[in-house]
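Subject: Handover of a structure for your review

Dear colleague,

I am passing on the structure below for you to look over when you have time. My notes on it come directly after it.

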Amino acid sequence: MENTTNKAEYMIRARGIFKSFQDNEVLKGISLDVCQGEVLSIIGPSGSGKSTLLRCLNHLETIDKGSIEVKGEFLVKNDTSGRAVYAPKHEMRKMLSCMGMVFQQFNLFPHMTVLENLLEAPLQVKRQTREEIQPVAEELLRKVGLYEKRDAYPSRLSGGQQQRVAIARALAMKPDIMLFDEPTSALDPELTVEVLKTMRGLAAERMTMVVVTHEMTFARDVSSHVIFMADGLIIEQGHPADIFGCPKEERTRLFLGNMLH
Amino acid sequence: MEKLTETVLSIMAGSKITLEIFVLTLAMSLPLGFFVALMRLSSVRPLAVIMDVYIWIMRGSPLMLQLLFVYFALPMVGVRFSDISAALLAFTLNYAAYFAEIFRAGIQSIPRGQYEAAKTLGLTYAQTMQRIILPQMIHRTLPPISNETINLVKDTSLIYILAMNDLLRVARTIVQRDFDMTAFFIAGLFYLVMTAVLTAIFKRMEAYYGKYDE
Ligand SMILES: Nc1ncnc2c1ncn2[C@@H]1O[C@H](COP(=O)(O)OP(=O)(O)OP(=O)(O)O)[C@@H](O)[C@H]1O
Ligand SMILES: [Mg+2]
């Protein structure tokens, strides 16, 4: 995957990411590529650094060393002394604006209705008018099957409904890449289905996605590429058929064995 | 009967200064308290420490002492205020410290996920504060703010020692002049009415800001 194809095809290229919390080294040199329209799943045991990796990609955490390119521009790269230096604020803002994120805990704005949650960023950040954005937002709500709930407050929705609103809210900013951090882990099993269905829909529309997940079925059926992480390292990666069909590494086999039973 | 009317009218006149102190103190100490809270939470260490000390002094010493200090001690070193400004200064500084602590707790009670969601959507720090954090903070801090506000109504009676003709002082003057307790009852009634009105206002605000949970 190191081929030098047209660099614009790469939505995200990360090289040698190191990240520590105090003296706890959580990422120990992670590299990954995400191409346009690709669905990358990141799996691995709890505490292996999956969330931290995802959060580094959109600057919710800062990295200590390494580089991250977003659509061909450096968000962060090493300076001559080997320390990570971030791009100027306004350039970073532009790069980050092409990434949407969906959290495990939804993080909807509780004081706004469903529709207001979707309108907020386009109105405040993109300075779009209500007339421009409201039809788009309503269309997104229809797509996630929650148009009737547009005037409800998030506390009145089930977890699965809240998560679908969160997805729609991120999509309202028209991102090129969607990041998901265990979007169904906080949900009852019967509610995960509707969220996964929404995500499958997105993948079918060729949305570029990076998904940290414990849903092995989803990872196997939907991903174009799977990364298995443990202890801050990528242990194994490849096509889902290979990872799930005949994993090469012992640790991967053990992990999948535990997950599937 | 005529005397009663006169008493009520005098006390009403006295309540004007009480209300003036109350309204102006509130109008100044709420925003000041909010900015103190922001500075107290700022990552600029010295700023946070200074605010900590300020809050400690204001909450750790009697309001009466602070009033006397501004009114009597400062003029001795050449800083002079009119009666009402002296009272307003002391009340505002004192109440801003209490409000700051309430706002700080309110801001800190907002989950980190709210900031993160706002950031991933591209909102700036100012937008995040104004659009996401502040409304939720107001909702969460209304009950303690309501408490402090009612305390302020009663604390205004401290200006009595500054020889301003507030509600309480007027009442005491009448009682001493006529040897009749009625004025105290009427004064008490005035305070009760004010706090009742405030309680009702805060109830409505809580209902308004609380419409999103349950
Ligand atoms: N903000 C933080 N401060 C300190 N340590 C942290 C922080 N966030 C994560 N860690 C530590 O980093 C390590 C990796 O955490 P991370 O959340 O990335 O794991 P994960 O693979 O997402 O696990 P899970 O499957 O349980 O979500 C853990 O040891 C965790 O304690
Ligand atoms: Mg995680």
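This is a predicted model: local features need pLDDT of at least 70, side-chain atom pairs count only at pLDDT 80 or more; totals for chains, interfaces and linings use all residues.

Residues are numbered from 1 along each chain as its sequence is written, chains are lettered from A and ligands numbered from 1 in the order in which they are written, and side-chain values use heavy atoms, with hydrogens and water left out.

Chain B has 8 helices and 0 strands (helices are DSSP runs of H or I with at least four residues, strands are runs of E with at least two, and both are numbered from the N terminus). Its elements therefore read α-α-α-α-α-α-α-α from the N terminus on, and its C-alpha atoms fill a box of roughly 70 × 50 × 20 Å along the principal axes.

For the helix pairs, axes are lines fitted to C-alpha atoms over the stretch in contact, and angles run from 0 to 180 degrees between N-to-C directions. Angles under 35 degrees count as roughly parallel, over 145 as roughly antiparallel, 65 to 115 as roughly perpendicular and the rest as oblique.

Helix α1 (residues 2-40) and helix α2 (residues 45-60) of chain B pack at about 130 degrees with their axes 8 Å apart, and α1(B) and α2(B) are therefore oblique to each other. In their contact (heavy atoms within 4.5 Å), B:L32, B:V36, B:M39 and B:R40 of α1(B) meet B:L47, B:A48, B:M51, B:D52, B:Y54 and B:I55 of α2(B). These residues divide into 8 nonpolar, no polar and 2 charged, where Ala, Val, Leu, Ile, Met, Phe, Trp, Tyr, Cys and Pro count as nonpolar, Asp, Glu, Lys and Arg as charged, and the others, Gly among them, as polar.

Helix α5 (residues 112-120) and helix α6 (residues 125-155) of chain B pack at about 155 degrees, with their axes 10 Å apart, which makes α5(B) roughly antiparallel to α6(B). Here B:Q114, B:Y115 and B:A118 of α5(B) meet B:T128, B:M129, B:I132, B:I133 and B:Q136 of α6(B), a contact with 5 nonpolar, 3 polar and no charged residues.

The axes of helix α4 (residues 83-108) of chain B and α6(B) come within 9 Å and cross at roughly 140 degrees, so α4(B) and α6(B) are oblique to each other. Their contact has 13 nonpolar, 4 polar and 2 charged residues.

As for ligand 1, 13 residues surround it (each with a heavy atom within 4 Å), and the closest are A:S46, A:G47, A:K50, A:S51 and A:T52. Among the polar contacts (pairs of N or O atoms within 3.5 Å), a polar side-chain atom of A:S46 lies 2.5 Å from an oxygen atom of ligand 1, and a polar side-chain atom of A:S51 lies 2.7 Å from an oxygen atom of ligand 1.

Best regards

Methods: A polar contact is a pair of N or O atoms within 3.5 Å; within protein, one must be able to donate a hydrogen and the other to accept it, and residues adjacent in sequence count only if both atoms are side-chain atoms.
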